[in-house]
Amino acid sequence: MLLVFVSFNQESVIYRMLMVAGFVTMCDIWIATIFMSGLKFYKTIVMLFAGGYAISVALAFALRRDGLEGLLAGYVVGQFMMLTGLVFIILRSFPAERLIAFDCFKRGAMYTSLMAVGLLFNFAIWADKIVFWVTEQTSNAVIGPLRASVIYDMPVFLAYLGIIPGMAVFLVRFETDFVDWYDRFYNAVRGGGSLEEIARMRNAMVSAVRQGLFDIIKIQTLSVLVLVVFVPTIFKKLSISPLYLPLF
């Protein structure tokens, strides 16, 4: 919080408070979304995200006359309402005995190896973007210390959109077919199923993984080929120089 107030000292106090509130809200949304994904509440997540972003857009449009603070306030309020819905469903499904608990800070409760992997993995993903943002020749100032690289951000964004088909196949195959067979395998082992039944469940799991990987390669290859064919037209529509096609 102190870092935001110092870094954005040229902005209003309201804007800085909204920045802090938005950052905390987004962090909480990611945690709640991961928890609900583990519970397989996929439709609920989609509905809450659609409703939350619809509210954000509507409020930002309604408050646009108040300038940057109005736009940010509309976005933060919509995100907060989305978070409220996520937390409500989680608490309704798993009622808590205590309102606040700090058990995660107990000795041995944290997996430092996973924390290190998560930090290094995400730093590796964002390292190239940081280089383009901090370099003055490839970026422009946006607000305060925040910078954006038009020549890089848009091609990378389009590239990320190109993996949506593969990610969708991954979700359908591994979160449905594989998990279904895994549950049957687990129940057969714990429930004293026959060796033949356990082996059949195990083979079905392996088959689901192989089929899922094959479908991902097939769908993703097709989507990449289509995107490569039409990307010159997309760049032209977005007024991006064709010189950045190799970067894409």
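What share of the contacts in the chain with a separation of 6 or more comes from residues 24 or more positions apart? The figure is 56%. Keep that in mind while walking through this predicted model.

Start with the overall layout. The chain has eight helices and two strands. Read along the sequence, the order is α-α-α-α-α-β-β-α-α-α. The C-alpha trace spans about 70 × 55 × 35 Å along its principal axes.

Now the surface. Buried residues account for 23% of the 248 residues. The accessible surface of the chain is about 17,700 Å². Carbon and sulfur atoms hold 72% of that area.

Helix 2 covers residues 13–38, and Thr25 sits in it. Is Thr25 buried or exposed? Its relative accessible area is 7%, which is under the 20% cut-off, so Thr25 counts as buried. Beyond its neighbours within four places in sequence, Thr25 touches Gln79, Phe80 and Leu83.

Helix 3 spans residues 42–62 and holds Leu48. Take the pair Leu48 and Met82. They are 34 residues apart in sequence, yet their C-alpha atoms are 5.8 Å apart.

Helix 5 (residues 112–134) and helix 6 (residues 150–161) have axes that come within 10 Å. They cross at roughly 155 degrees. Angles over 145 degrees count as roughly antiparallel, so helix 5 is roughly antiparallel to helix 6. Which residues meet there? Helix 5 brings Ile125, Asp128, Lys129, Phe132 and Trp133. Helix 6 brings Tyr152, Asp153, Val156 and Tyr160. By class, this contact has six nonpolar and three charged residues, with no polar ones.

The last stop is the pairing of helix 7 (residues 164–190) with helix 8 (residues 195–237). Their axes are 9 Å apart, at an angle of about 180 degrees. That angle makes helix 7 roughly antiparallel to helix 8. The contact between the two contains 19 nonpolar, five polar and seven charged residues.

Two residues of helix 7 show this pairing in detail. Val169 lies in helix 7. With a relative accessible area of 15%, Val169 is buried. The C-alpha atoms of Val169 and Gly212 are separated by 7.3 Å, although the two residues are 43 apart along the chain.

Met167 is also in helix 7. What is its relative accessible area? The value is 49%, so Met167 is partly exposed. Met167 and Gln220 are 53 residues apart in sequence. In space, their C-alpha atoms are 8.6 Å apart.

Notes. Residues are numbered from 1 along each chain as its sequence is written. This is a predicted model: local features need pLDDT of at least 70, side-chain atom pairs count only at pLDDT 80 or more; totals for chains, interfaces and linings use all residues. Side-chain values use heavy atoms; hydrogens and water are left out. Axes are lines fitted to C-alpha atoms, for helices over the stretch in contact, and angles run from 0 to 180 degrees between N-to-C directions. Helices (H or I, at least four residues) and strands (E, at least two) are DSSP runs, numbered from the N terminus. Angles under 35 degrees count as roughly parallel, over 145 as roughly antiparallel, 65 to 115 as roughly perpendicular and the rest as oblique. Ala, Val, Leu, Ile, Met, Phe, Trp, Tyr, Cys and Pro count as nonpolar, Asp, Glu, Lys and Arg as charged, and the others, Gly among them, as polar. Buried means under 20% relative accessible area, exposed over 50%, partly exposed in between (1.4 Å probe, protein chains only). Contact means heavy atoms within 4.5 Å. Accessible areas come from the Shrake-Rupley method with a 1.4 Å probe; for residues, only the protein chains shown count as cover.
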